[in-house]
Amino acid sequence: MLKVKSGDLDKMALLFQRYHRPLYGFLFHMTGQKEASEDMVQNVFYRMLRSRHTFTGLGEFRTWMYHLARNVLKDHLKRAGRYRPMPEWEDRIAGDDLVEEQLERKQELEMLQLKIESLSPESREVLVLSRYQDLKYAEIAGVLDISVAAVKVRIHRAIRQLRILYLQTE
Amino acid sequence: MDNQLTDAEKAEMEQHLADCPECRQQLEDNHRLWDSMGEIPVPAPSDKMQVRFDAMLETYKQEQDNRRPGIAFYLQQLFAMKPGFTWAYSLIILVIGAGLGYAVSRGLNNAPRVRPPEGVAAVNPPKSRETDTPVTTVTLTGSAADRGTANSGSAADRGTANAGSATNPDAANTGNDISEKQQLKVLADQVHEMREMVMLALLENPSASERIRGVSYASDIKTINKNVLDALFSTLNNDPNSNVRLITLDALTRYADVPAVRRGLVQSILQQGSPLVQAAMADVMLRLQEKKAVQPLKELLEQKDLNEMVRTKIKQTLTRLI
């Protein structure tokens with residue numbers, strides 16, 4: 001990113017190659033929307049280009065990237081307002097010819113997904129960053145601008161909340 | 001759960017778990033949940049994301065090439081490197097402002113007061129100057145058109161100069177209505193003309209995003225004239241940026257009812273080199289059911305370096321057009 005900052009804009013293509021999938025994963029987990037997540041990824045990279053001079057190189061690039069992604073997500077949710085389209089998960093856990101056991105597992109995972117969606121955005125975000133984005137507690141603390149201890153508390157609460165919700169349906 | 005505990009924390013936890021079956025059960029549940037979460041697959045992003053990113057990067061690079069960094073850019077860079085400079089800069093501006101303000105107020109206080117020439121009263125004009133009042137009103141009112149209205153209006157109100165207006169004030173009002181409508185029309189025309197001028201100027205701008213803005217202005221213009229059409233077609237055929245050309249094609253398609261626009265669009269098919277625009281052209285022709293496009297589309301097929309996907313698309317378009 002420092003090279004991009006110093007004017008080598010072509011290096012942005014490398015960053016896109018490396019990070020667009022995890023970024024898409026984060027935004028998709030937070031919204032459940034394929035198209036909107038793709039738009040937001042594009043938007044995040046555009047903002048990176050425009051505000052490249054604000055990247056100091058002191059922190060991790062990933063932390064800065066998720067900072068921008070959270071802002072883009074916030075704008076998106078504000079624009080979308082109360083209107084929340086149905087999450088597009090239905091065709092993701094694929095397979096028509098599953099044996100009974102697999103079918104049961106598929107339903108379990110779908111149920112778990114629903115429960116993750118029903119968590120508060122704060123809890124969901126911290127779980128997604130930790131479980132799907134493989135961010136360390138210190139990195140999450142950097143992204144959310146909170147202390148590492150606060151991250152641990154949030155993750156603990158989120159997992160407990162999810163466990164209670166999930167076990168209720170079992 | 002994802003092994004982020006320190007060794008000491010881990011040891012402490014294990015010791016506690018050995019004595020607490022309830023916590024052991026909870027931890028097991030958590031692990032099960034954590035593993036299950038990992039099994040939920042995420043759909044892969046579509047391939048068009050890469051295409052869109054490349055187009056965005058290319059457009060941005062072109063814009064940057066055309067723009068020389070101004071002082072604001074360097075200041076932004078400086079502030080990003082040393083946030084403390086922001087405060088220093090604000091302080092300097094404040095000091096300069098205060099200094100200027102002080103200097104100006106001192107200058108005003110020291111300036112010699114202007115004294116009126118002898119024989120002319122400075123404050124209250126004599127009553128004999130009352131006859132000048134209408135002239136003053138006219139001067140304040142402004143433009144030539146306004147002046148006409150103000151004259152007739154004030155004359156009618158006073159019932160002095162114009163006998164017709166004095167005897168029939170309604171006639172004067174009707175005249176005012178008509179002239180107001182005329183003024184509105186003139187204003188609307190002027191706004192329209194200005195919009196057109198802004199649009200034409202924007203189309204000449206070196207920045208691609210400004211040119212796109214120009215094209216979007218064209219979409220708002222209700223009655224399109226030859227100047228605008230010429231500018232749009234020139235953009236469609238010659239603009240170096242394919243995004244701008246695509247937007248222009250979209251804008252022009254809205255006026256496809258005009259025969260000249262249709263003709264221009266058909267003629268433009270062979271001028272396009274970018275696969276994206278070629279494919280969009282084929283779509284437009286199909287939507288318009290324009291049979292005259294068959295010949296140029298066939299000629300396009302004969303080009304050897306034509307993109308394979310575009311070739312397939314044009315073939316499909318041709319079978320549906322013929």
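**View 1. Ala69(A) and its contacts in the predicted model.** Leaving aside neighbours within four places in sequence, Ala69(A) is in contact with Leu23(A), Phe26(A), Leu27(A) and Val44(A). Contact here puts two C-beta atoms, placed from the backbone, within 7 Å. The model is predicted: local features need pLDDT of at least 70, side-chain atom pairs count only at pLDDT 80 or more, and totals for chains, interfaces and linings use all residues. Residues are numbered from 1 along each chain as its sequence is written, while chains are lettered from A and ligands numbered from 1 in the order in which they are written.

**View 2. The largest nonpolar core.** This core has 37 residues. Those touching the most other members are Leu23(A), Leu27(A), Val41(A), Val44(A), Ala69(A), Val126(A) and Ile140(A). A nonpolar core is a set of buried Ala, Val, Leu, Ile, Met, Phe, Trp, Tyr and Cys residues joined through C-beta atoms within 7 Å. Buried means 20 or more other C-beta atoms within 10 Å of a residue's own; exposed means 12 or fewer; partly exposed lies in between, with C-beta atoms placed from the backbone. Two or more residues each come from α2, α3, α4 (61–80), α6, α7 and α8 of chain A, and from α2 (21–39) of chain B. The largest share, eight residues, belongs to α2(A). Domain 1 (1–87) and domain 2 (99–170) of chain A both give residues to this core, so it lies between them. The domain bounds come from an automatic or database domain assignment. Another core, of 31 residues, lies apart from it, and its members include Leu202(B), Leu252(B), Ile269(B) and Leu297(B).

**View 3. Where chain A touches chain B.** Here 33 residues of chain A are in contact with 27 residues of chain B. On the chain A side, two or more residues each come from α2 (11–31), α3 (34–50), α5 (100–118), α6 (121–132) and α8 (148–169). Helices (H or I, at least four residues) and strands (E, at least two) are DSSP runs, numbered from the N terminus. α2(A) gives the largest share of this side, nine residues. By type, the chain A side divides into 17 nonpolar, nine polar and seven charged residues. Ala, Val, Leu, Ile, Met, Phe, Trp, Tyr, Cys and Pro count as nonpolar, Asp, Glu, Lys and Arg as charged, and the others, Gly among them, as polar.

**View 4. Two aspartates of chain A with positive phi.** Asp134(A) has phi near 55 degrees, positive in a residue other than glycine. Asp134(A) sits in the loop between α6 and α7 (137–144) of chain A. It counts as exposed because it has 11 C-beta neighbours inside 10 Å. Asp145(A), also not a glycine, has a positive phi of about 60 degrees. The loop between α7 and α8 of chain A holds Asp145(A). With 10 other C-beta atoms within 10 Å, Asp145(A) is exposed.

**View 5. Helix α12 of chain B.** This helix covers residues 242–253, 12 residues in total. From first C-alpha to last it reaches 16 Å, close to the 16 Å expected at 1.5 Å a residue. The expected span is 1.5 Å times one less than the number of residues. Nine of the 12 residues of α12(B) are buried, so the helix is largely enclosed by the rest of the structure. The buried residues include Val244(B), Arg245(B), Ile247(B) and Leu252(B).
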